[in-house]
Amino acid sequence: MKYGLFSDVHSNLEAMTAVAAAMKSEGAEEYLCLGDLVGYYANPAETLDLIESLRCWKTVLGNHDAACIGKMDLTRFSAPAAQAIRWTQTQLKPHHFELLLSLRYREEIGEIQLVHSSPLECEEWHYMTKVEDLERNFRHFQGFICFFGHVHKPFIAEQKIDGSVKILEETETTLRKDCRYIVNVGSVGQPRDGNPQTCYVMYDSDSKKIAIRRLDYDHATTSKKTLEAGLSDYLAQRLTTGK
């Protein structure tokens, strides 16, 4: 099966439109979404409609999604993020809330695990950014590979049969059948690795080939909409720098 995986869209319609077209052109047979469909930017309803049109096989709940439906306290967010969530709540229709309410913290498809933040206490929204975080989390899921989002920085982490863990330098590789993997699929809507290009992942579960993809999109339009909606200029500026 050839999967298109994406996460942390954050109501960025321009980025999601580009990613949806790219995944389709690469022959994605199924789509998997790792959460944070909303938050930050100015097209929450339109972005949710676009994601719904992909008919994703599985979608998990992100922390911004949880806050939007009252499952997470806004005091845990920065001021710009909390403002964006409150604004988003005024923009969504009942069926959008129903979609977010239907999402779970964790999903599985055979050897694939899907979470937004981490396999360990996924409802607590931990961050996996260091090798020691990854080592701990490999013990908290079964199967070959776990995909996640949340940190907005794509990478492939490999655990060898002896238990040692490293982050691979490659962004496109064939996974080894005698290893296990944790993969961050990056962020569609707000990259934070210094690269402003939108991000997604393609994974072929038969050949075990995986690729982190980067793609240009019209972030100037997203920034303009952000300011016109009265949202934070800080959020708008992040799109230019990718930080």
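I began with the strand order and found six strands in an open sheet, running β3-β2-β1-β11-β12-β9 with mixed pairing. At the edges I find β3 (58–59) and β9 (172–174); each has a single partner strand, so one side of each is left without a neighbour in the sheet. A reminder to myself before going on: this is a predicted model.

Next I looked for what covers the sheet. Helix α1 (residues 13–25) packs on it and touches β1 (2–6), β2 (30–33), β11 and β12. I noted an angle of about 25° between the direction of α1 and that of β11.

**Entry 2, β11 and its partner.** How many bridges join β11 to β12? I get seven, between residues 198–204 of β11 and residues 209–215 of β12, and the two strands run antiparallel. They form a hairpin with four residues between them. In the turn I stopped at K208, which has a positive phi of about 65°.

Leaving aside neighbours within four places in sequence, I list its contacts as A15, V19, S187, V188, P191, R213, R214, L215 and Y217.

I moved on to strand β7 (residues 155–159), where F155 lies. At 11% relative accessibility, F155 counts as buried, the cut-off being under 20%. Which residues does F155 contact, beyond its neighbours within four places in sequence? I find M128, L134, F148, I167, I182, V183, N184 and I212. I looked at V183 again: F155 and V183 are 28 residues apart in sequence, yet their C-alpha atoms are 5.8 Å apart in space.

What joins the side chain of N63 to that of H150? I see a polar contact of 3.4 Å. With neighbours within four places in sequence set aside, N63 is in contact with D36, M72, F77, H116, W125 and H150.

Last, I turned to a helix pair. Helix α7 (residues 219–228) and helix α8 (residues 233–241) pack with their axes 9 Å apart, at an angle of about 175°. That value is over 145 degrees, and α7 and α8 are therefore roughly antiparallel to each other. On the α7 side I wrote down H219, T222, S223, T226 and L227; on the α8 side they meet D233, L235, A236, L239 and T240. Sorting the residues of this contact by type, I have four nonpolar, five polar and one charged.

Terms used: Residues are numbered from 1 along each chain as its sequence is written. This is a predicted model: local features need pLDDT of at least 70, side-chain atom pairs count only at pLDDT 80 or more; totals for chains, interfaces and linings use all residues. Side-chain values use heavy atoms; hydrogens and water are left out. Axes are lines fitted to C-alpha atoms, for helices over the stretch in contact, and angles run from 0 to 180 degrees between N-to-C directions. Angles under 35 degrees count as roughly parallel, over 145 as roughly antiparallel, 65 to 115 as roughly perpendicular and the rest as oblique. Contact means heavy atoms within 4.5 Å. Ala, Val, Leu, Ile, Met, Phe, Trp, Tyr, Cys and Pro count as nonpolar, Asp, Glu, Lys and Arg as charged, and the others, Gly among them, as polar. A polar contact is a pair of N or O atoms within 3.5 Å; within protein, one must be able to donate a hydrogen and the other to accept it, and residues adjacent in sequence count only if both atoms are side-chain atoms. Two strands pair if DSSP finds at least two bridges between them. Buried means under 20% relative accessible area, exposed over 50%, partly exposed in between (1.4 Å probe, protein chains only).
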